[in-house]
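Colleague: Could you take me through how one reads the fold of a chain, going from the whole down to a single position?

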Amino acid sequence: QVRLAESGGGLVQPGGSLRLSCSAFGNIRILAGWYRQAPGRQRELVATITSTNTTNYAASVKGRFTISTDSAMDTTYLQMNNLKPEDTAVYYCTTRDYRGSDYWGQGTQVTVSS
């Protein structure tokens, strides 16, 4: 089992920055990531990172967002710069343990508005 705790969401003006954090407790993790879901839309991938620090980003956030994690994947961060109104969504942390099981956080709201 893995438990996840997210923090760092909030309201920011366009062009601003936020950093999301996700703390994981439990089984050894091999993959971590962030997804987001805007009202009326499906949940979509934002970024992922593996235990060997291989990263993957959605085209819409590449160059603006950075995912990072510590060596044990206990805490995963999503640094979001140059935020746009279309980035407004609930952001979910996810992780996969060594057994291949996926876990999700409760979500944190990010609102980009002037």
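Colleague: What share of the contacts in the protein chain with a separation of 6 or more comes from residues 24 or more positions apart?

Modeller: A word on the basis before the answer: this is a predicted model, in which local features need pLDDT of at least 70 and side-chain atom pairs count only at pLDDT 80 or more, while totals for chains, interfaces and linings use all residues. Residues are numbered from 1 along each chain as its sequence is written, and side-chain values use heavy atoms, with hydrogens and water left out. A contact means heavy atoms within 4.5 Å, and residues 24 or more positions apart account for 54% of the contacts in the protein chain with a separation of 6 or more.

Colleague: How many helices and strands does the protein chain have?

Modeller: Helices (H or I, at least four residues) and strands (E, at least two) are DSSP runs, numbered from the N terminus. Here the protein chain has 0 helices and 11 strands.

Colleague: What does the radius of gyration of the protein chain agree with?

Modeller: The radius is taken over C-alpha atoms, and the globule rule is 2.2 Å times the number of residues to the power 0.38. For 114 residues a compact globule would come near 13 Å, and the protein chain, at 13 Å, agrees with that. Along the principal axes, its C-alpha atoms fill a box of roughly 40 × 25 × 20 Å.

Colleague: Is serine 21 buried or exposed?

Modeller: Buried means under 20% relative accessible area, exposed over 50%, and partly exposed in between, with a 1.4 Å probe and protein chains only. Serine 21 counts as buried because its relative accessibility is 14%, and of the 114 residues of the protein chain, 41% count as buried.

Colleague: Where is serine 21 found, and which residues does it touch?

Modeller: Serine 21 is found in strand E3, residues 18-26. Leaving aside residues up to four places away in sequence, serine 21 touches Ala5, Glu6, Ser7, Trp34, Thr76 and Tyr77. Glutamate 6 is 15 residues from serine 21 in sequence, yet their C-alpha atoms are 5.6 Å apart in space.

Colleague: In which sense do E1 and E3 pair?

Modeller: Two strands pair if DSSP finds at least two bridges between them; E1 and E3 pair in the antiparallel sense over 6 bridges, and valine 2 stands opposite glycine 26 in E3. Strand E1, residues 2-7, has a covered face of Val2, Leu4 and Glu6, with Arg3, Ala5 and Ser7 on the uncovered one.
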